[in-house]
Amino acid sequence: MEEKKIGVIKAELEAVSITAIQSFIDTYTSDERGGVQKLVETARKRQEKYLAELERTENLKKYEKEYAQYTYIAGIDEVGRGPLAGPVVTCAVILPKDCDILYINDSKKLSAAKREELYDEIMEKAVAVGIGMVGPERIDEINILQATYEAMRQAISKLDPQPDVLLNDAVTIPGVNIKQVPIIKGDAKSISIGAASIIAKVTRDRMMEEYDYIFPEYGFASNKGYGSAEHIAAIKQYGPTPIHRRSFIGNFI
């Protein structure tokens, strides 16, 4: 039988799913051609990365397993406590017990493209997602910490079903009658909190990109409202917009 050309085998490797990659390795491991062996090695590395990610994701379920006696476990996180402009956004997510979403992590550790990809998968597979949001005027009125708690309560209230336990990124939220488990750096330690951090981040980033069309001088698409040198210079030159937090920009106006 005529040997397959290496280009054909390469195309097979590019098309093969990660779950079928062992079959590719088994098929070509005895082909002694150097080019084929390189492809087999590439396949093995791909498989190793996949297995490492499976293990990492399983470890991210530590708290979800610890509280497995609860039917609905929600992870909650916020984004936007530090910016000079825009809302603080929170998200609460209940994932299915058999959640199979890979690559969830603290949203800051992921590329924008990966966050967008995971956003779609989380929204599709989650049992429930709730988003809370508090704008600049309210932040100025009650301070950023209280505004964050208010947004978190909003997010929790929008979950259907309501959770039996909350896994929180570091904080204990006042005024909530659900069992809470604060976890330091929770968005990198709990798959539920990590999922919430991704939804919150993508939601807020999209909003700031919309604001960039309305207020193009401030660079909101790139700085997302954070205090970059260009953003601060724009505040000094053009003054604040309605989405600026007056209590955050007193030094610049």
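**Labels and their grounds**

Student: What kind of model is this?
Tutor: It is a predicted model.

Student: Why is V79 called buried?
Tutor: The relative accessible area of V79 is 11%. Buried means under 20%, so V79 is buried.

Student: How far apart are the C-alpha atoms of V79 and Q47?
Tutor: They are separated by 34 Å, with V79 and Q47 lying 32 residues apart along the chain.

Student: Is T203 buried or exposed, and how do you know?
Tutor: T203 has 13% relative accessibility. The limit for buried is under 20%, so T203 counts as buried. T203 is in helix α8, residues 191-214. Not counting residues up to four places away in sequence, T203 touches V89, Y119, I131 and M133.

Student: What gathers with K62 on the surface?
Tutor: K62, K109, K185 and K189 gather there in a patch of positive charge.

Student: What makes K185 exposed?
Tutor: Exposed means over 50% relative accessible area. K185 has 60%, so K185 is exposed. K185 is placed in the loop between β5 (179-183) and α8.

Student: What is the phi of K185?
Tutor: The phi of K185 is positive, about 55°, although K185 is not a glycine. Most residues other than glycine have a negative phi.

Student: What about Y103: which phi does Y103 have, and where is Y103?
Tutor: Y103, not a glycine either, has a positive phi of about 75°. Y103 is in the loop between β2 (88-94) and α5 (112-125). The relative accessible area of Y103 is 37%, so Y103 is partly exposed.

Student: Is the peptide bond from D160 to P161 cis or trans?
Tutor: The bond from D160 to P161 is cis, with omega near 10°. Most peptide bonds are trans. P161 lies in the loop between α7 (144-157) and β4 (165-169).

Notes
Residues numbered from 1 in each chain as written. Predicted model: local features only at pLDDT ≥ 70, side-chain atom pairs only at ≥ 80, totals over all residues. Heavy atoms only, no water. Buried < 20%, exposed > 50% of the residue type's maximum accessible area, 1.4 Å probe, protein only. Patch = residues over 30% accessible without salt bridge, like charges linked within 9 Å, V, L, I, M, F, W, Y side chains within 5 Å. Areas by Shrake-Rupley, 256 points an atom, 1.4 Å probe, with all protein chains shown as cover. Salt bridge = Lys/Arg side-chain N within 4 Å of Asp/Glu carboxyl O. Lys, Arg positive; Asp, Glu negative; His and termini not counted. Charge placed at Lys NZ, Arg CZ, Asp CG, Glu CD. Helix = DSSP H or I, 4+ residues; strand = E, 2+ residues; numbered from the N terminus. Contact = heavy atoms within 4.5 Å.
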